[in-house]
Amino acid sequence: MSLKASLASGPSTLDRSSETPVRVLRPRRASPDQTVRPTRAEIELGALRGNLRALRKVAGRARIWAVLKADGYGHGAPAVARTLERAGVDGVAVALLEEAIELRDAGIRAPVLVMGGYYGRAYEELLAHDLVPVVYDASHFEQLARAIRLTGHAERVLVHLKIDTGMSRLGVRLEELRRLLEVAASFPQIGIDGVMTHFSSADVAGEEGEQAMVEQLSTFATGLATVRKAGVAPRFVHASNSAGLLRAESLASERAVADARFDAVRPGIALFGVSPSEHLGCPDLKPTLRLRSEIVSLRTVPKGTPVGYGRTFRAERDTVVATVPAGYADGLPRSLSNAGSMLVRGKRAPIVGALSMDLATLDVTDIPGVAMRDEVVAVGEQRGPLGRDEITVREIAELAGLIPWDVMTSISRRVPRFYRDF
Ligand SMILES: Cc1ncc(COP(=O)(O)O)c(C=O)c1O
């Protein structure tokens, strides 16, 4: 059928195509047993559990739904989910249906919330994998009801309703809420089990962030009242990401403190030991990720020798250059060229020259005793004969003009994740 004809035939084409089974693709990553190169990410599962405990203290009675989208913020979602599930997390949340299926395939039994709101032609997969979709549009209810009918699904399907309170991204706007609740009421086989929203500025310092959060909470309260007036009694009300959760403690108004945590919170980055903002401390959080490699080539070049693509660095003295097999294709921001550093023997060595796709070059002239196969740490802590130092995700993000979330989720699939659990 030509494109014109298929457009002209309208919904029936869509209907027919939606009966074609959908193959949901899964993400793939290098596995440790396929590893030759010494570059790898090390994930501290003990630190992850410790961070969950620390956040529990802040969350009080609110449940914790761990946000594990983007492959668990680059840590490997199945292993992270398994660890948190054993440690008693109340649920997990992802963005994509594909991510949710990956967790179910890995044996995760905890409730899984799918937050992205796009289910394409794969609504039946939501039912088959016992997932909780986030909905905010009449078409979500209609498509879900259709999948329930087609599969003969017997149980009531539970969903979380998202209200847009200030992100203008996903979620039903207040003006549309009543109408949507009417649509929802016409599908008794679908139950609104949760009502949620998302903060835009909980990590923004000072009055500005606080004001935005209070405004969003007020809009959310209006939405919640409308929901309850329509006879819906959700078991879960949730709004807070890591910043909302950590900030709830410091909000001036007592009422807001209670409100921001509601029945559940959705921390992501804080679980991985990174505070969402410098001004939001949580003393017990420990970084869970370390990116390490080894020196694979060492040379001494005379003063004046250029290093790397574009000759952006020229040795100002006779210089010992160490080559490390980690580059921008592994997720290190290229803007660390001639700006960042890595740890060798417990001390910082500057990155010199342009970061290549697969390699970085360090000036190790001031690292006494440096040798081939020495460990190099690009992210995380190192202790060595020359001392102890740490390169944080936030430090890299700031140097590179990025945010910590970006740095974490950019570590690419060719970097194998090794899990350490002491
Ligand atoms: C809807 C929603 N909730 C919670 C989170 C977790 O955010 P954070 O990593 O800042 O804790 C995210 C992540 O962006 C999100 O999109």
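Residues are numbered from 1 along each chain as its sequence is written, and side-chain values use heavy atoms, with hydrogens and water left out. In this predicted model local features need pLDDT of at least 70 and side-chain atom pairs count only at pLDDT 80 or more, while totals for chains, interfaces and linings use all residues.

Q: What makes domain 1 and domain 2 separate entries in the protein chain?
A: The bounds come from an automatic or database domain assignment. That assignment gives 45–272 as domain 1 and 289–420 as domain 2. Their centres, taken over C-alpha atoms, are 38 Å apart.

Q: How many residues does each domain bring to the contact?
A: Contact means heavy atoms within 4.5 Å. Eleven residues of domain 1 and eight residues of domain 2 take part.

Q: What is the area buried between domain 1 and domain 2?
A: Buried area is the accessible area (1.4 Å probe) that two parts lose on being put together, summed over both. Here the value is about 940 Å², and carbon and sulfur atoms give 66% of it. Of the area that domain 1 buries against domain 2, 49% comes from Y73, H75 and I269, more than from any other three residues.

Q: Why is the pair of R420 and E42 called a salt bridge?
A: The term requires a side-chain nitrogen of Lys or Arg within 4 Å of a carboxyl oxygen of Asp or Glu. The closest N and O atoms of R420 and E42 are 3.7 Å apart, so the pair meets the definition. R420 lies in strand β20 (residues 417–420) and E42 in strand β1 (residues 40–44), so the pair ties together parts that are 378 residues apart in sequence. Strands are DSSP runs (E, at least two residues), numbered from the N terminus. The structure holds 27 salt bridges, but the count between domain 1 and domain 2 is zero.

Q: Which residues come nearest to the ligand?
A: A residue is near a molecule if one of its heavy atoms lies within 4 Å of it. Of the 14 residues around the ligand, the nearest are K69, Y73, S242, G268 and I269.

Q: How far is an N or O atom in the side chain of Y73 from an oxygen atom of the ligand?
A: The distance is 2.5 Å, and a polar contact is a pair of N or O atoms within 3.5 Å, so this pair qualifies.

Conventions:
Polar contact = N/O pair within 3.5 Å; in protein donor to acceptor, adjacent residues only side chain to side chain. Helix = DSSP H or I, 4+ residues; strand = E, 2+ residues; numbered from the N terminus.
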